[in-house]
Amino acid sequence: MSLLQEVWQAVKAIGTGMATVHKRVYEEAPTEFYPYVKPDLPPVSVQSLALVENEDGSERCIVCLQCERACPAQVITIERHRNPEGKGFLIDRFDIDLVNCMYCAACVEACPVSSIVTIQDFEMSTYDLQTLKADVDFLHEQARRARQWYSPKFGVEVRTEDGRIEKAPPEMQPGGLAEILKPAEEVDS
Amino acid sequence: MSQIPIPEDRHFRPRLLGYDPQKSRPWLERTVYSAYVFVFWLIVIGTYAGVPALFGALGWDSGWGFVLMRTLQVVLLFLLSAVIALLLILLLRKYLGKVQERYGPMHYGPAGGIQTVFDALKLLAKEDFVPAAADVLTFRLAPAITFVASFAMFAVIPFASGWVLADTNVGLIYLIAVSTLSAYGVLLGGVSSGNKWALIGALRAGAQMVSYEIPLALVFLTVAVWSGTLSLGGIVDAQLGLWNFLPLALPFVLYVIASLAELKHIPFDFPEAESELIAGYNVEYSGMSFAFFFLAEFVELFLLPALIVVFFFGGWHGPLFGLEPGSLAAGALESLYFTAKTAVWVWIFLWIRATLPRYRDDQLMEFAWKAMIPLALFGLVLAAYLRLIWR
C-alpha cells in the first residue's frame, strides 16, 4: 500500500505544481521598461541634488553657507556678495561637485529654507566628468525638471497640474506619516 | 503632477524597435504565432498535395520524375522543420517568460516574433570552430547524424489520410530504428569533442537514451498489438471508433514519460544539464553545427508529440463537415486537426518543462529499469489480453 500512496503523492505534487505554474501565465510581469519608461522612484530616493527657486521664479536660497559648512565631503563651493538694495546676500557662485558628492543629504538637512533638495534624476552617467561639476544654472534646471522632491524638514512637495508647489498628501510622505496620522483621524471621528 | 520633458540631447535613449512596451497587446503575439502556423500549414499542403498534383499534371510521376518529386518533398520538409524550430524556440522562450513573470523576446519584429530568425542568422554567420583536441571527422559527423536521425522520422508521419511520404507496413520498426540512431550522434559528438563536460554529457545521454528506448519500443509494440498493424496510417484508421488513450492508458502515460527522456527534456535533461555540465554534449559546438543539434532537438519536440497524437489521439480524425474524404479540402482540414492536437501536446511538454526540476542521474536509471520496463511489459500483456477478449 505504501508504494501506491507514494505514487499518488507524487502525482498529486506534480499536479499541484503544474496548476500553480499555469496560474502564473495570467499574472502580469513586473518588468520595468527602463530605457523606454522612466521608473517612478519614491521621494526618499536620493539620486542627485537640485536648487529650488520660489514659485514666482525668484531665488529661494538665502546664501547662508549652512550647506557648505555641513558638507562632509566639502564639494559645495559658494561665493556671495551683500545685496545692495535691501538685506541678505546674492549668489555669485554656487557649485556642487557631483562627482565627489556622496549623496548623504546633510546639506538638505542643514538648509533653513529648504532650497537645496534631493531629486530622483539618476540618469547622470556621462563620458565627461566635467559635466558633473554642477553650477547654479544647472541646479536650477534640475529642480525645474524634477517632478517631486523631498526635504526632511518640510516633507515631500509635489507640483500640481497648474504648476504650483504644494505639500504632498500623507500617503506620499516618508517615514510612515500616513500610518502615524491614521489613528488620530480614527480617534477624532 | 506634470512631468517636465527630459531634453532629448542630454542622454542616450535606445530606439523603440517594433513594440510599445507600455501597451500589452496579446493579439499581436497571437497574430505572429498564427502566421507561423499558417506558413507551417501551407508547407504541409504544398508538400503532400501541391507537389504530387503538380508532378501528376506534368506527367512526371514515374521513374526519375518520381525521384525528383520525392526530393522536392524532402526539401520542403526540411523547410518545414526549420519553421517548426523557429516557432517552437520562440514559443518556448515566450512561454517560459510568462511562467516566470517576465516577457520573453519582444524587441525584434512584432511582439518579438522574428527574434529566432535573427538568432538563426547569427548562428549562420558565426565561425564553425573545431577545438584542437577534437577528432575532426567524428566531430563534424555528429550533428549531421543527430539531425538526420530526427528528420528521417518525418517519412512515416501521416499528416492526413494518405498525406505521408512512405506509408510502409513496417512504419513502427522504422521509427524504433531511426529514433535510436540519434543517440549515436549525441554520443559521438560528446566523445569526439575532447572536453570532459561533453564526455560526461555524452555518457549520460548514451545511458539515458538507450535505457528509455526500451519502454518506448515496448509501447510501440503495445500499440501495434492493439491496432493489429505496424503501419502508422493503419494505426490511425484503427482508432475511428475509440481513441487509443482510453484502452491503452498505462502505455500512454509511459510513452509521455519515455518521450520526455528521449527528448532530453526537463525533468530528464541530464545530457545538457546547464547547471552541472554547462551544455553537456554540445558544449564545444558553435555556428551551424550547434544549430543542427538545436534543430534536431526542436524537430523531435514536434515529432514525439505528433507520435502521441498518431498513437493515442486519433491522428488526423475530426469532424469533416460533409467534405469528401480524400479531397484537397478534406486533407487540409485533417492536417489542421493533426497540427492542432500536436500543438496541444507540445504545449503540455513545455508546461512540464516549466514546472519540474531535474531528476537525479541514478534515480533516472532506476526508474527506467525498475519501474518503466516492467510496467511497459505489463501494459503489453494487458493490451494483448484485452484485445483477445474485446475484439
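Chain A of this predicted model has five helices and eight strands, and read along the sequence these elements follow the pattern α-β-α-β-β-α-β-β-α-β-β-β-α. Of the 189 residues of chain A, 18% count as buried. Among the contacts in chain A with a separation of 6 or more, 62% are accounted for by residues 24 or more positions apart.

The confidence of the prediction can be described for chain A as a whole and for its elements. The chain averages a pLDDT of 78, and 74% of its residues score at least 70. Among the elements of chain A, the highest mean pLDDT, 91, belongs to strand 2 (residues 76-82), whereas strand 6 (residues 148-151) has the lowest, at 48.

Strand 1 of chain A, which covers residues 48-51, has buried residues pointing both ways: A:S48 and A:A50 point one way, while A:L49 and A:L51 point the other way, and all are buried. Strand 1 of chain A also pairs with strand 4 (residues 116-119) of chain A in the antiparallel sense, over four bridges.

In chain B, helix 10 (residues 287-312) takes part in two helix contacts, one with helix 3 (residues 115-125) and one with helix 2 (residues 64-99). Two packed helices are described by the angle between their axes and the distance between the axes, and the table sets out both values for each pair.

| Helix pair in chain B | Angle between axes | Distance between axes |
|---|---|---|
| Helix 3 and helix 10 | roughly 135° | within 6 Å |
| Helix 2 and helix 10 | about 85° | 9 Å |

With their axes crossing at roughly 135°, helix 3 of chain B and helix 10 of chain B are therefore oblique to each other. The contact is made by B:A120, B:L123 and B:L124 on the side of helix 3 of chain B, and by B:G287, B:M288, B:F290 and B:A291 on the side of helix 10 of chain B. Six of the residues in this contact are nonpolar and one is polar, with no charged residue.

Because the angle is about 85°, helix 2 of chain B and helix 10 of chain B are roughly perpendicular to each other. Here B:S81, B:I84, B:A85, B:L88 and B:I89 of helix 2 of chain B meet B:F294, B:L295, B:F298, B:V299, B:L301 and B:F302 of helix 10 of chain B. The residues of the contact between helix 2 and helix 10 of chain B comprise ten nonpolar, one polar and no charged.

How values were computed
Residues are numbered from 1 along each chain as its sequence is written. Chains are lettered from A and ligands numbered from 1 in the order in which they are written. This is a predicted model: local features need pLDDT of at least 70, side-chain atom pairs count only at pLDDT 80 or more; totals for chains, interfaces and linings use all residues. Axes are lines fitted to C-alpha atoms, for helices over the stretch in contact, and angles run from 0 to 180 degrees between N-to-C directions. Angles under 35 degrees count as roughly parallel, over 145 as roughly antiparallel, 65 to 115 as roughly perpendicular and the rest as oblique. Two residues are in contact if their C-beta atoms, placed from the backbone, lie within 7 Å. Ala, Val, Leu, Ile, Met, Phe, Trp, Tyr, Cys and Pro count as nonpolar, Asp, Glu, Lys and Arg as charged, and the others, Gly among them, as polar. pLDDT is the predictor's confidence in each residue, from 0 to 100. A residue is buried if 20 or more other C-beta atoms lie within 10 Å of its own, exposed if 12 or fewer, and partly exposed in between; C-beta atoms are placed from the backbone. Two strands pair if DSSP finds at least two bridges between them.
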